[in-house]
Amino acid sequence: MITLTRTGAAENVALIALNRPNALNALCRQLMQELSETLLKVEHDSSYNVIVLTGNEKAFAAGADIKEMAKLEFADVFQNDFFNNWDTLSHITKPVIAAVNGFALGGGTELALMCDIVYAGENAVFGQPEINIGTIPGLGGTQRWPRFTNKSIAMEICLTGDRLTAQNAKEVGLVSKIFPTQQLVSEAVILADKIAKNSPLIVKTVKNSVNSAYETSLNQGLQIEKQLFQSTFATNDRKEGMTAFAEKRGPKWAGN
């Protein structure tokens, strides 16, 4: 239910696509297990620098598989830790770009919110419809929406199940850029290429620093940033980057 394609100018971009088209890429256990395994494979393969996560033109992911969930009881989801490993994406250290076309509802939106950058196709639709079926978001919807937008928007989305268009999502800060549907993935790969040209070591450091802004106070975040900045002076890539700049040439990253 997952495809992995090597792409990008230097073939160091992993294009991961959800591949359950007959169910609008609904997130079932098998799909999420395969996604977790694929993400970990790419994470531990140094030949990949950046990840692009997408679905198809009709759906990024239309949410969790309700047919699979409907028969479950509290004991099933609690004792078996339902959603276990579904948040693997949020622990990946390499940059992840979500290329969202079509429906990204419920778990689909939450999956996109786990990514570092979200690009949307013109037909993208976001939302948390869990309230309409008697439950609540379980993959971070109630937690990431208020951090990425604001409390009022998060409450409205999660309490009504209303949907946001791509333009609405961009206006509230959920989406970085919008592109024509058929152009979306190629634009995401262009962005991935731009990121992949930088030192993978420093890229990972930047990601850690930016993520700290959502998990700490401002003073704590500033301290983390300062420490990470200072740590770059122990790397060969920092030396190479500054030397290359002074010599007016392109840097050659060593990754250490």
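The centres of domain 1 and domain 2, taken over C-alpha atoms, lie 27 Å apart in this predicted model. Domain 1 covers residues 2–197, and domain 2 covers residues 200–247. Where they meet, domain 1 supplies 10 residues to the contact and domain 2 supplies six.

**Buried area between the domains**
- About 640 Å² is buried between domain 1 and domain 2, with carbon and sulfur atoms giving 57% of that area.
- On the domain 1 side, the residues that lose the most area to domain 2 are Thr93, Asp116 and Arg147.
- Together, Thr93, Asp116 and Arg147 account for 54% of what the domain 1 side buries.

**Polar and charged contacts across the boundary**
- You will find one salt bridge between domain 1 and domain 2.
- Lys207 and Asp116 form a salt bridge, and their closest N and O atoms are 2.8 Å apart.
- Asp116 is also one of the three residues named above for the area lost to domain 2.
- Sorted by class, the domain 1 side that touches domain 2 has five nonpolar, two polar and three charged residues.

**A look at Ser36**
- Ser36 sits in helix H1, which spans residues 29–43.
- Its relative accessible area is 5%, so Ser36 counts as buried, the cut-off being under 20%.
- Leaving aside residues up to four places away in sequence, Ser36 touches Asn85 and Thr88.

Methods
Residues numbered from 1 in each chain as written. Predicted model: local features only at pLDDT ≥ 70, side-chain atom pairs only at ≥ 80, totals over all residues. Heavy atoms only, no water. Domains from an automatic or database assignment. Contact = heavy atoms within 4.5 Å. Buried area = accessible area lost by both parts, 1.4 Å probe. Salt bridge = Lys/Arg side-chain N within 4 Å of Asp/Glu carboxyl O. Nonpolar A, V, L, I, M, F, W, Y, C, P; charged D, E, K, R; others polar. Helix = DSSP H or I, 4+ residues; strand = E, 2+ residues; numbered from the N terminus. Buried < 20%, exposed > 50% of the residue type's maximum accessible area, 1.4 Å probe, protein only.
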